[in-house]
Each structure stands twice: as structure tokens, then as C-alpha cells.
Amino acid sequence: MLQAIPGKNPSPPDFHYLPVDGKMSPEAANFPLEPLLSNSSGDKSNIAWTYFILNIPREAGGGNIHVQLQADTTLTYELYSRFGGLPSLDTWDYYYANKSSNSNGSMFFKVYDSSDEGASFYILNAREGRWTFGLRHHVLPIGVSNLRTTMSLTVERCPNKCSGHGSCKFRMDDSGLSFSSYCGCDRDYGGFDCGITVVTHLDLPRWTCALRWISSSCHVPLKWHVLQSVALIGSNAAAILPAYWALRKKAYAEWVIFTTSGVSSALYHACDVGTWCALNFHVLQFMDFWLSFIAVVSTFIYLTTMEEGTKRAIHACVAILTALMAITGATRSSNIPLVIGIGASGLFIGLIIEFSKTLKSILWSRRLNLNIIERWLSFKVWLYNLLKTIRSRFRWIFVLVGFVLVAMAAVSWKMEGTASYWIWHSVWHVTIYTSSFFFLCSKITSVNGEGQASEESPYELTRQDSFPR
């Protein structure tokens, strides 16, 4: 059994845990393991389990359990944890065997430091109540062991005190009965403990230092925060291109969508980089992703020639679907192919609606039903006219450029990383908006009944000669 000893921090306090034997000083931060380990395995495997049981009080609920193991030689112990029961090889919540085998894939388990001689990891947002840590180890020989391993168990409000790059924040749940803590990181840092540098720093070369009249060491970091902010916010100006073309073609719905998408994305990234938050961060994030989804689908729907009533119905369905996607998981990578699939489906539905009447007249004509050969010939003529109409409906060079830009946008999305996020995401803004512009430009809006573009084929009115010959 381990007893909780409050720390010196104000409310809510931190706790560290020590064995209930009275031999440890309350000021001690860790305790030796070997004197406490079991020397009986219960079977022939020579493997034993030693359980450490601790209770997290209500005032510490929602904190983070920090576990540290440090050995003089190679660490050979495996640690399994479970809430409300004893862990085993088959039943556990989190575990640590070595630096390559642990629960680090879980969102509530973070390995802070790991080596052959020791380990340091966190269980985040631990619930109040009884936790059991099972140490799986070889049976130690009777007598004094040459091994020397120490263990430390603490419940901290903010991991590593936010690494000195942030402040500890507290959040009450909806019931008002418990609260959790998290690190509110400074502008240039991120991660669960603010230990990740988000904004890149650049060391000035020696000749630049001389030019800048820097008298101190030349290893003065130059923060690129302003440049990154300008890139992430200013790259949304590319939304002007599709918005301008939609306004020129009097497609007012698309104009509103592209304009608001660019503005909301700029406001979201202004808040994301810490420049200025016009609204709540989560509201801005939702608006950015939602309007981006609608803008992609609207580009596809614009390429059809459906009636306005049908377009409005499809836009309403798309708005509902994309809103659900944005509110449940806006940043999922799977949203991109899903949105493109929805847009392509809208384009396909538009083409089906446009040409369904002609196809229906061919398939259900009474005269053609009596002659299979004539029906087949009529269908071939219809199919030829369909392909001819689709070919003359678009400027295909613009379609090709649009697809090239979409491919560039996909590459930039894939290349995004912690340090290069601002570069590739700015490229994403430019390429995705510009691709929409070229897709909009590819449509030849006015098409006559023969499937030829009227704006490409000017005609003249002819006067009938009514005089007799």
C-alpha cells in the first residue's frame, strides 16, 4: 500500500506516494524497489508480481500520474496499471515494458523519457479512486540483491510544470463535480507539456550579425513568428480568385461560400498562431473546416447544369453532412477524400438528371421497343451526343490545370509537419483555392440544344427569301 503525501503547491495540491511502512521520510521523492519485491512466483516460470496500490483522492482527480523508474544497470522490470482492479498480462489499462513496447499510442499515455536504464511516463487525466500498479519481474534471490532501482509515483496537475513555457490551466466538467488540468502553452510552444517548439527559430550567421550591429554572440535566435503568421493568414487571399469568377458569372451562392471560406480560414489561423481571436477558437475551427468542405463540393455542383431547385436541395444536404463532419472530427485526414467523393457524387447526379429524360425516351419508345436494332442504333447516337456534349461543355486545359493543382494540394497536406506546418499549409491554401478557380473557369456556361457552346459559336440571323422564283 502507498500513502498519499500532499505537496507544497496550493489548491489543488499535488501528491507523491510512499510505502506505508513508516521508514520513508515524507520529504522523499522516491523509494527503493528491491526490498519490497516478492520472492515467490507461485509457478515454475520464475516470474513474480508485486502490486503497488494507491488511492487518488477527489481533490486530485483529473490530475496526471507521473511514474519514474531508474536503475543502476539495465531496467528489467515491466509495469502494468489498472483502475479499480489488479492488472495482469491479459487485463490492464496501460503498460510499460521497454522503450519500444508500451502504451504510448494511447491518447492518455505519454512517454516522457525512456532509456535502457530508466523510464518516465505520464497517465493523463487519471480518475479519482484506487489504482494498482503491477510490477512484473524475475524472482530475486534470498539475501541482499546487487540491483538498485528506485521508483517515484506522483500525481501532478500539469506535466513537468509545463516545461517553463506555459501556465497550468484548470477546466471544470459539465457536472461541476470534477475538473481536469492542462498546460496553456506560450505562443511558440506546444505539446501536452509545452515541450515542443512550434515556431521555428533561425540562428543568424556571423556576417549577418556584423551587418545588424549585434555586439553579443552570433547565436541569437531570430523568431519567424511574424513571417509564419503572414504566410498562414495571407495565403487565404487566394480565395479571391474563385470568389471573383463566381461573382462575374453571377453565381452568388458560390461567391458567398468562397468569400466566407477565405475570411473564416484567415480568422482561424490568426487565432491559431496567437495573433488575434475574433471568436472562440473552436467556433473558428468549425467555421473554417465546414466552409472549406462546402466550397469543395460547391465547385463540383457548379459544373453541372441542373435547375436551381435541384441545386438548392443538394446544397442543403451537403450543408448538413459537412456540418456533422466538421463538428465530430474536423481535423481527420479521411475528411478530404470523403468531401471530394461527395462533390463528385453531386456532379454525377447532375449529369444523370440532365441526360435521364433523353435516355428514358429512347428506352421506352413504343416504336423502338419493336425493333431491337433501331433501339441499339438510337442508343449509340445518344451516347455519341452525350460524349460530344461533355467534351464541348468544358475547357479541358483548365480542367487539367485544376487537377494538377489538386495533386499539389494533396502533396502539401501530406508534407505537413510540426516544424514545416506553416510552409506547407500556406501552399495548401493557395493550391486548393486556385484549383477551384480553374475548375470554375473550365465550365462553358451557355450551351444550346445541340450540345455546342454558344459563346464559342456565334451565329447570325438570316432573312428568308419569300419572293417567288
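Ser 163 lies in the loop between strand 12 (149-156) and strand 13 (166-172); strands are DSSP runs of E with at least two residues, helices are runs of H or I with at least four, and both are numbered from the N terminus. Before I continue, a word on the source. This is a predicted model, in which local features need pLDDT of at least 70, side-chain atom pairs count only at pLDDT 80 or more, and totals for chains, interfaces and linings use all residues. Residues are numbered from 1 along each chain as its sequence is written, and side-chain values use heavy atoms, with hydrogens and water left out.

Ser 163 is not a glycine, yet has a positive phi of about 60°. Most residues other than glycine have a negative phi. With a relative accessible area of 23%, Ser 163 is partly exposed; buried means under 20%, exposed over 50%, and partly exposed in between, with a 1.4 Å probe and protein chains only.

Lys 250, also not a glycine, has a positive phi of about 60°. Lys 250 sits in the loop between helix 3 (240-248) and helix 4 (252-272), and counts as exposed at 61% relative accessibility.

I turn now to His 425, in helix 11 (residues 421-442). Is His 425 buried or exposed? At 8% relative accessibility, His 425 counts as buried. Beyond its neighbours within four places in sequence, His 425 is in contact (heavy atoms within 4.5 Å) with Leu 232, His 269, Trp 413 and Glu 416.
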